[in-house]
There are 2 protein chains.
Amino acid sequence: MQAIDQACVNTLRFLAADQVEKAKSGHPGFPLGTAPLMYTIWDRYMSYNPANPDWFNRDRFILSPGHGSALMYAMLHVAGYDLPIEELKNFRQWGSKTAGHPERGLTPGVDVSTGPLGHGFAMGVGFAMAEAMLAARYNKPDFPVVDHYTFGITSDGDQMEGVSGEAASLAGTLGLGKLIYLYDDNKITIEGSTDIAFSEDVEMRFKAYGWQVLRVADSEDIEAMAAAIQEAKADTTHPSLIIVRTHIGYGSPKQDMASCHGEPLGAEALAAAKEKAGWSQEMFYVPEEVKEHFNAKLPACAEAEANWNHIMESYAMCYPELAQELADRISGKVEIDLSELEAIFKDNAKTATRAASGDVIQKLAAMVPALVGGSADLGPSNKTVIKAEKYFSKLDRTGRNIHFGVREHAMGTILNGITLHGGFIPFGGTFLVFADFLRPTIRLAALMGIQSVFVLTHDSIAVGEDGPTHQPIETTMGLRIIPNVSVIRPADALETAAAWKMAVEQKTKPTCLLLSRQNLPTLHEYAAAVHEGAVKGAYVLSPAENAKVILIGTGSEVELCLKAQKALAEEGIAASVVSMPSWDLFEAQSEEYKASVLPAGVTKFAVEAGVPYGWAKYVGDEKNVLGITTFGASAPGGVVLDKYGFNVENLVAKVKAVL
Amino acid sequence: MQAIDQACVNTLRFLAADQVEKAKSGHPGFPLGTAPLMYTIWDRYMSYNPANPDWFNRDRFILSPGHGSALMYAMLHVAGYDLPIEELKNFRQWGSKTAGHPERGLTPGVDVSTGPLGHGFAMGVGFAMAEAMLAARYNKPDFPVVDHYTFGITSDGDQMEGVSGEAASLAGTLGLGKLIYLYDDNKITIEGSTDIAFSEDVEMRFKAYGWQVLRVADSEDIEAMAAAIQEAKADTTHPSLIIVRTHIGYGSPKQDMASCHGEPLGAEALAAAKEKAGWSQEMFYVPEEVKEHFNAKLPACAEAEANWNHIMESYAMCYPELAQELADRISGKVEIDLSELEAIFKDNAKTATRAASGDVIQKLAAMVPALVGGSADLGPSNKTVIKAEKYFSKLDRTGRNIHFGVREHAMGTILNGITLHGGFIPFGGTFLVFADFLRPTIRLAALMGIQSVFVLTHDSIAVGEDGPTHQPIETTMGLRIIPNVSVIRPADALETAAAWKMAVEQKTKPTCLLLSRQNLPTLHEYAAAVHEGAVKGAYVLSPAENAKVILIGTGSEVELCLKAQKALAEEGIAASVVSMPSWDLFEAQSEEYKASVLPAGVTKFAVEAGVPYGWAKYVGDEKNVLGITTFGASAPGGVVLDKYGFNVENLVAKVKAVL
């Protein structure tokens, strides 16, 4: 290693170790081991501009083992991002920009929140897909307006997680040549040597997926690493995994020991490591030549973005429409005229909300170029196919449909990656009950405050014959309780239109659309109320004068509420019906509005084909809920609904019992 | 194929297709394609006894693509299980034993519920581990008391799911030689050819995992398949995957088409398929020679079990203690004297409940030979290591500790497999926030009504520095709402003892233990109340006369409630404190008991470092909850708790506000 490279690597190593030491918390082993990987990527290849961390055509970087955050912060600091040394000294403290795991939005230069292993790696696949899709649509001869790499570091922990295997298999199928990961092959996990649980041949596995796999025998050989990255870039039709033999806790007395993974080295071991490296014992030491080395890059960084801006200006002259479209996509601005979507259903009698969703997708795809999506191999059932568009594939990057394969978890992470890249509103479909498979990705989208759209069909026991493994019971409520997730379960085609409008317009949270398998009547009779109310989460669908009870229905159970309203009226009991497609949209309304929909002093009764837990908030007592507290059963959907008491007779009896 | 084999295969094929056709629902393509695989396993190799589907030493069989259930039912019917033809005619109907996907407990001979892809395959790894562990402990020269194979069929859909990759990697590491899967390589998925999303080389991937991979070029070549299975059995140190080139919808006009996957063939195509096979058009036709073929096996089936019973009798004479222990393990009976566990903590001042759990595990491991477990590479943090025992490995099958690797999802499925095998109470640890990664496995355990124990530590924002990706907010409530799951969040070491007692004794549901990272005082002062009350889910921990308010705390927040109780008393406000480690245990108590703990007419206020949603049920209004509605933050745990309002001052103020 040349002297300046060694100085830079040591700076990263010990800035990271010092952060952990001062915080008395964190992971020093990873930064000590992988600092050369980080440095080689950022020094030799990364195209970035610290003055504008959001520059659209920058290379993306993903630190998938997020517990190595201290190394990320060290890198961003020396590279010139707005992350002063004081922030590094405040590592893992309240209010700092240097959280325990990298958090997108908190720290300039952090492209993606990582921590849950496997997710960063899989989001990188989404980044690379996004780049390829945009390049295919917008690049023109002499105008490479979207043209960047996605680099990352991945670890054995990452690669034990199933989600990374799912994503790697898809990345291989899609031939994502601009995706390049360096693999931290340190052979150590928290419980000991990787051999104890992970004796597989990672190289062979990735070759099986269709990746180019390269090896670097020594993490201290920066030139070999740089050459490998060059080779990775040269292969434009395969993603690349560069396996680098590293040593956790490199240079410290705890090198190659699991004990340096998750706790500070301790003053003594840290001092010994610095001494061995011939490094200053000064905490948070950055030598002048290292500062100069990175400062010297800044003009080129600025120029890279300036060049791109220049290209974009010329592009706007040559291709004004495309340029405007791309600019709009980058800005993310979308506004949907709900009436246009509702018009699709002018003549509809009955339709499943999944089918209505499919119709809306066709219309939206024409209106919103950013919309892309697919399904975890359930496209025909989820109705997620954009019929006028092709599939995104290795040979054709122009497609807007994505075959995710039977990989719900990777689908969720890839949606998150595509969203984070920018320029897209991606959606992914599966059965609602399998939302559990991608739940960690919904949580991470919510935590990052990003827009991924989850199309979750077959939303109750009405699924029918497929039986309890396919019938969600607790899933709807399970999604509602995740902070910053919008959950919308429309009652009909018109509410589905409103749900999609919200899904497309809500930029800072993921939206889950919960859709029926079975046909439902379209609420034309109440069209005005639906138009006004559905986007507010709950509204009076069918009022009754001097109502003794308010029936609150969601999704397919609204139809049942309307029928029960009539039956109750025949018995002289005035009931009004509130449709409540979304708790979170409703909670965002004014107190006045909420009180107008659910006034105090009137008995309320909720109907939902799912667990009653949580409904007490709106109806006071779980006795005032027609729900389900056990798993479902295999039989035709109508039979199952009936056997579980979702019929007018039972609902009326239950309502009368609480009045 | 010989005539009788062909007749048997055709019987299976068309019994399955007829079920789907009559039900007007189901999946005919898989059974038509894989009937020869099913037949070869069952006819040539499976050791089973239809007269006793639960015979302990039977070979286990897993139909991982559960949508092929009709084939399973056809096989069980002809093999002589108590599944009359009327049940097949009632496929997917209310009350039948022939549900849409195989359900353990519902259908004799179904070892495992499948449907969520990947899970069956991964549970098979658990079966094979269970067999190996029992064999190592109980088998003696001439007494192979536990000695069987785990056979299964797996599919491309299965193998796209990450959980199967996780489990396969571990199975390879562990060298589970008695695990043999036939892979239905039909090259078709719901959305089309597998190439669209799954172009990987499955053979190479499994070799990378350390499996023996064999190929059979033609699914109609039963002798080749039988030879491959023989070869698989001969390799005792590697699990085997036999890749069989199959054809979905074999012999029907829809052969090799995605359209025959998930809907009936239709009368015409079914008739054409039968005609092409030279088969009777009669629905549910079973030729006499096929009946005779399988009936002729029954004496040998009965003899296999009789032989084993004979061996067991001799074994009981030679090794009475081991025999008794094994019998107890098979019967599953366990009773724990809570006092024995509580005695561990006689002198404890403060301890994290995860550490208390670790102490209990040491004690329980000595008392309950069935207890085995491990962690998803977080053993040192989860405190899940049984210190007196070794690790289960390829070279040593006697270990009771399991290195699952960073594979939460596979860990959950493997726990389920081990439980289903019988003879075990397995536990698996990870951080509570990563319960999302294995949530589908908790659901499936609940649905099957089995005992897997999930040790979920670091149960709140008190995790501290690791930050929001590692801080559960909604996770506790998210687990509570799953039907048939016991969720216990103990307040201290003594409650942890009670929680483990319940986890070990509750045989028909999974238990989730939610444990603190941070130290908590041991409630010696209230030991009698804890002893009586904790197992009931909620109890009056610290009463107050004429209490104006009842503070309900769970887990680490009970300490805060006790402090607030004192502070309120100083202000003249009498408050009693209820500790509520488990909603589900509490809900199982009598109405009288429940009313004694939470009497009507007294204001109630709940304190839990998680979402308040759902608490209205006990406290009337979410205003009466000190909870968290956003994600957490990175800082020392005590700081985070304080910033989020979990301090005496804020709690007292909030309580006073609602009084």
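## A salt bridge between the chains

Let's start with one link: Arg443(A) and Glu474(B) meet through their side chains in a salt bridge, 2.8 Å from N to O. The term stands for a side-chain nitrogen of Lys or Arg within 4 Å of a carboxyl oxygen of Asp or Glu. Across the interface of chain B and chain A, the rule finds eight salt bridges. Helix H18 of chain B (residues 435-448) gives the most to the side of chain B that touches chain A, with eight residues.

A quick word on the ground rules: this is a predicted model, where local features need pLDDT of at least 70 and side-chain atom pairs count only at pLDDT 80 or more, while totals for chains, interfaces and linings use all residues. Residues are numbered from 1 along each chain as its sequence is written, chains are lettered from A and ligands numbered from 1 in the order in which they are written, and side-chain values use heavy atoms, leaving out hydrogens and water.

## The whole interface

The contact (heavy atoms within 4.5 Å) takes 92 residues from chain B and 92 residues from chain A. Between them, the two chains bury about 7,700 Å², with 61% of it on carbon and sulfur atoms. That buried area is the accessible area (1.4 Å probe) that two parts lose on being put together, summed over both. In chain B, Trp94(B), Glu191(B) and Arg443(B) lose the most area to chain A, together 11% of what that side buries.

## Ser169 of chain B

Ser169(B) sits in helix H7 (residues 162-174) of chain B; helices are DSSP runs of H or I with at least four residues, strands are runs of E with at least two, and both are numbered from the N terminus. Ser169(B) is buried, at 2% relative accessible area. Buried means under 20%, exposed over 50% and partly exposed in between (1.4 Å probe, protein chains only). Leaving aside residues up to four places away in sequence, Ser169(B) touches Phe198(A), Glu200(A), Tyr209(B) and Arg407(B).

## Strand S18 of chain A

Over in chain A, five of the five residues of strand S18 (residues 575-579) are buried, so the strand is largely enclosed by the rest of the structure. Ala575(A), Val577(A) and Ser579(A) point one way, Ser576(A) and Val578(A) the other.

S18(A) pairs (DSSP finds at least two bridges) with strand S16 (residues 539-542) of chain A in the antiparallel sense, over three bridges. Strand S17 (residues 549-553) of chain A runs parallel to S18(A), joined by five bridges.
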